[in-house]
Amino acid sequence: MEFELPDEHRMIRETVRDFCETEIEPIAQEIEDEHRFPAEIFDQLADLDVMGVPIAEEYGGLGGDTLMYALVAEELGRVSGAIGLSYVAHISLASKPLEYFGTDEQKRRWLRPLAEGEHLGAWALTEPESGSDASSMNTTAERDPSEHSSDDASAVSAAADGDEWVLNGTKQFITNANVAGSILVKAVTDPEAGYDGISTFIVDPDEDDGFEVTTVWDKLGLNASPTCEIRFDDVRLPPDRLLGEVGDGWDQTKHTLDGGRISIAALSTGLAQGAYEHASAYSQEREQFGQPISEFDAIRDTIVDMHRKTERARLLTYRAARTADAGDPVTRESALAKLDASEAAREVAEDAVQVLGGYGYTTDFAPQRFYRDAKLMEIGEGTSEIQHLVIGRELGL
């Protein structure tokens, strides 16, 4: 086991940390209050060459590993959960599946612009009627009905052989959908095949007629990261928009979510670290009864517990990232990291608000933002309850 980061990883972390403290932290509350997506920040991240950290250099990325990517996500979360959320959705949900499952042509056309930061990506799985049961979906992709009758048994193979697909349905809670240059959409291609009847398609929001953003949600937190409802109304897609093979969509989803859990764990660790740092600094500056409040047992013990939870989350997250980089099965490790780090983020942020007292409840201080942002970490990419289910299955329970 190695606990020291390689030099290259430390350099990336320090570069991103400096950028975050200089460019993001001063506007973090402002963009949240304004519900404004900070496109200029992502342009600057592209200039830093970190919009494709774990993507191969061949396709415009940095060629880094999962751990390096997790470090970047952690640093972003340390100052802005919203920017961190849009970033990890862009990487783990929208970019990595293209690298894993796309053809060379698809990688050149769709992955390279993402990795180079030309535009952001999005991933559309959840629907209004589905939450934790993500496989229960009504969005459909059918072969062009003008070419074949609806009961033609060769529907799926005909589409794969050259017919257009026609996409219809609604997706809910989709990060980056209104600012994305491409969206990976899960749809049912064979209603009789269950999990094997789900496929993935690449949608171009700017060019594909019938695509519409119907809602941009106001949320408890993370309002500088857009969360949308989107609709597909007879969106016609050529055959080369199918990602992988027909029916591969659910296996792709499970693989993607393993990486997504590491992303949320890293982002959660960053949120916890940011909340801890604010509380620790405040406790050493704020005086009551003639001494800094950090010298009172109750406050000191709280700060120590915040540090302990953050370090534990970090270790689990880095272990999951290292497991992924080794090419080993990572479902258990990623679920453990996501479960622990997300709950740690919420607990540490809540403690930070308490340490600051009345000031912690105001928007002049950051802990309230960390507190609101952290709650989503226990919901997105699989709720804490689902993580218990996943871990239990991995343990043979």
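Figure 1. Gln106 is buried, with a relative accessible area of 6%. Buried means under 20% relative accessible area, exposed means over 50%, and partly exposed lies in between (1.4 Å probe, protein chains only). This is a predicted model: local features need pLDDT of at least 70, side-chain atom pairs count only at pLDDT 80 or more, and totals for chains, interfaces and linings use all residues. Residues are numbered from 1 along each chain as its sequence is written, and side-chain values use heavy atoms, with hydrogens and water left out.

Gln106 sits in helix H6 (residues 104-115). Helices (H or I, at least four residues) and strands (E, at least two) are DSSP runs, numbered from the N terminus. The Gln106 side chain reaches the backbone nitrogen of Thr103 at 3.0 Å. Beyond its neighbours within four places in sequence, Gln106 is in contact with Leu111, Ile202, Asp240, Arg241, Leu242 and Leu243. Contact means heavy atoms within 4.5 Å.

On a 1 Å grid over the protein atoms alone, a cavity is a set of points where a 1.4 Å probe fits but cannot get out; a pocket is an open set with protein on both sides within 12 Å along at least five of seven lines; lining residues have an atom within 4 Å of a point. The structure holds 1 cavity of 30 Å³ or more. About 50 Å³ of space lies in the largest cavity. Grid points are joined across faces, edges and corners, and a volume is the space filled by probe spheres set on the points. The cavity lining has 1 nonpolar, 1 polar and 3 charged residues. Here Ala, Val, Leu, Ile, Met, Phe, Trp, Tyr, Cys and Pro count as nonpolar, Asp, Glu, Lys and Arg as charged, and the others, Gly among them, as polar.

**Figure 2. The second largest pocket and its lining.** This pocket holds about 500 Å³ of space. Of its 17 lining residues, the closest to the centre are Glu2, Phe3, Leu315, Tyr318 and Arg319. Helix H1 (7-24), helix H4 (66-79) and helix H9 (297-325) each supply at least two lining residues. H9 gives the most, with 6 residues. Which classes make up the lining of this pocket? There are 6 nonpolar, no polar and 11 charged residues.

Figure 3. Glu74 is in helix H4. Is Glu74 buried or exposed? Glu74 is buried, at a relative accessible area of 5%. Its side chain makes a polar contact with the side chain of Tyr318 (2.8 Å). A polar contact is a pair of N or O atoms within 3.5 Å; within protein, one must be able to donate a hydrogen and the other to accept it, and residues adjacent in sequence count only if both atoms are side-chain atoms. Not counting residues up to four places away in sequence, Glu74 touches Ala266, Thr269, Gly270, Arg314 and Tyr318.

**Figure 4. The largest nonpolar core around Leu76.** A nonpolar core is a set of buried Ala, Val, Leu, Ile, Met, Phe, Trp, Tyr and Cys residues joined through side-chain atoms within 4.5 Å. Of the 54 residues in the largest core, Ile24, Phe42, Leu45, Leu76 and Tyr87 touch the most other members. The largest share of this core, 9 residues, comes from H8. Leu76 touches Cys20, Ile24, Leu45, Gly81, Ile83, Gly84 and Tyr87, leaving out residues up to four places away in sequence. A second, separate core has 20 residues, including Ala122, Ala177, Cys228 and Leu237.

Figure 5. Asp218 is found in the loop between strand E6 (211-216) and strand E7 (227-237). His35 is in the loop between helix H2 (28-34) and H3. The two are 183 residues apart in sequence and 8.1 Å apart in space, C-alpha to C-alpha. Their side chains make a polar contact (3.2 Å). Asp218 is exposed, with a relative accessible area of 62%. His35 counts as partly exposed, at 38% relative accessibility. Most residues other than glycine have a negative phi. His35 has a positive phi of about 55°.

**Figure 6. Asp234 in strand E7.** Asp234 lies in strand E7. Its phi is also positive, near 55°, and Asp234 is not a glycine. Asp234 is partly exposed, with a relative accessible area of 46%.
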